[in-house]
Each structure stands twice: as C-alpha cells, then as structure tokens.
Amino acid sequence: MKRKIIVAVTGASGSIYAKLLLDKLNSLSNQIEKVGVVMSKNAKDVWKWELENEEYNNYTFDFYEKSNFMAPFASGSAKYDTMIIIPCSMGTLGRIANGFSDDLITRSADVILKERRKLILVARDTPLNLIHINNMKAVTEAGGIVCPAVPSYYSKPQTIEDLASTVVDRVIDLAGFQSNSYRWSE
Ligand SMILES: Cc1cc2nc3c(=O)[nH]c(=O)nc-3n(C[C@H](O)[C@H](O)[C@H](O)COP(=O)(O)O)c2cc1C
C-alpha cells in the first residue's frame, strides 16, 4: 500500500534536515501516494537564514498553511499514516506534549497520536532543560518517537550534507521506507 505522509517543518535550527528529507521523499515517490507539507513562519525564516534560499517553494508536494484546519490530515479519517516533524522546535514539542491543537501542525500530531499512527519528532535544541525532557517523555509515552537531530560519524561523512543525511536516513528507516542508505558492517 502506498503511503500518505505529513511533513511539518518548524523553526528549530537544521533546515538542511527538512531539505534532505523532502529530497529523499521525492526520490521515493514509488512508495508514496501523498506528501502534505506544513511550515511554520519561523521554519521559513530559519530556512532562508541557514540555507540562503527559498527552495521550499520548488517542491511539488501539497503545501498547507499552518492556519488551515481544512487540510485533509487535520482529521484522522484522511488516513495519513505517518507524520514527521523536522526539525522540531522545543516550542512545537511542548505544544504537542500538552495537547494543544491550535494550528495545523499541533492538530495533525494530536490526530496521529490519537489514531495510534506514527509520529516522528526530529527534536533540536541543546542543552535541554527539564521541561524539554519531560515533554519528550510525555510524547514518547503517548506513542510518539523522539529522534533527536544528532548526527553520527561512524559512516565517515565528508560533507555537511553527508553528516545531516545520517539523521535523515534514520528518519526514513523509522518511517518504514525501503531505501539504500549506509548500514554498519554491510
Ligand atoms: C536562527 C534560529 C534558530 C533557532 N533554533 C532553534 C532550535 O534549534 N531549537 C528551538 O527549539 N528553537 C529554535 N529557535 C527558536 C524557534 O524558532 C522559536 O521558539 C519559535 O517560536 C518556534 O516556533 P515553531 O515551533 O512554530 O516554528 C530558533 C530561532 C531562530 C531564529
């Protein structure tokens, strides 16, 4: 069965993770029926600052405004199976952990959790305070997956994109896609 995926991009540092994920989903189109994308205002500001472009406008996925509760995945009946928030700010994490559903990102995460589907939060900040840690605990207890934006080095990445891909490849695996990525000892 082809997949229906929600990608939310929020205003944490690490727009490169969002870019690489969207590129990867483009390349996996044979496994995907729909990709719905929501970006917060800060996500766009951080993307422009860090990547020095507005290339999020170039993707052909279905983009929705954060204020648009009429988007299909604002309801569980639309049967989107997985939501990836990448990068996920501590603010968005906190709103999800505490059940706020006051915009399309937090509402969609709430829906995914209540439907017992897959929610992946690529959380990014450092250091963490106890509020962040407790919010991660709450989301984990509710069935979400906190996958911090922590790159690995054992594949010997040579470029910033290679390094960021070590995070995105884990997200792709967690989301259940078939993909050829670096596998330790293979
Ligand atoms: C350049 C820049 C980098 C930021 N990096 C982070 C970050 O790594 N983690 C975080 O939680 N917030 C970060 N923020 C702050 C968030 O953008 C801010 O808390 C915002 O309210 C998050 O809103 P959103 O979750 O709706 O995008 C950053 C802001 C800017 C301008």
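1. First, the ground rules. This is a predicted model, where local features need pLDDT of at least 70 and side-chain atom pairs count only at pLDDT 80 or more, while totals for chains, interfaces and linings use all residues. Residues are numbered from 1 along each chain as its sequence is written.

2. G91 belongs to helix α3 (helices are DSSP runs of H or I with at least four residues, strands are runs of E with at least two, numbered from the N terminus).

3. Around the ligand there are 16 residues, and T10, G11, A12, S40 and M90 are the closest (near means a C-beta atom, placed from the backbone, within 6 Å). Two or more residues each come from α2 (41–51) and α3 (90–97), and α2 gives the largest share, 5 residues.

4. S40 is worth a look. S40 sits in the loop between β2 (32–39) and α2, and counts as buried because it has 21 C-beta neighbours inside 10 Å. Leaving aside neighbours within four places in sequence, S40 is in contact with T10, G11, K66 and I105 (C-beta atoms, placed from the backbone, within 7 Å).

5. From the record: the unreviewed UniProt entry places a "binding site" feature at positions including S40, G91 and R124; such annotations may be inferred rather than shown by experiment.

How values were computed:
A residue is buried if 20 or more other C-beta atoms lie within 10 Å of its own, exposed if 12 or fewer, and partly exposed in between; C-beta atoms are placed from the backbone. Two residues are in contact if their C-beta atoms, placed from the backbone, lie within 7 Å.
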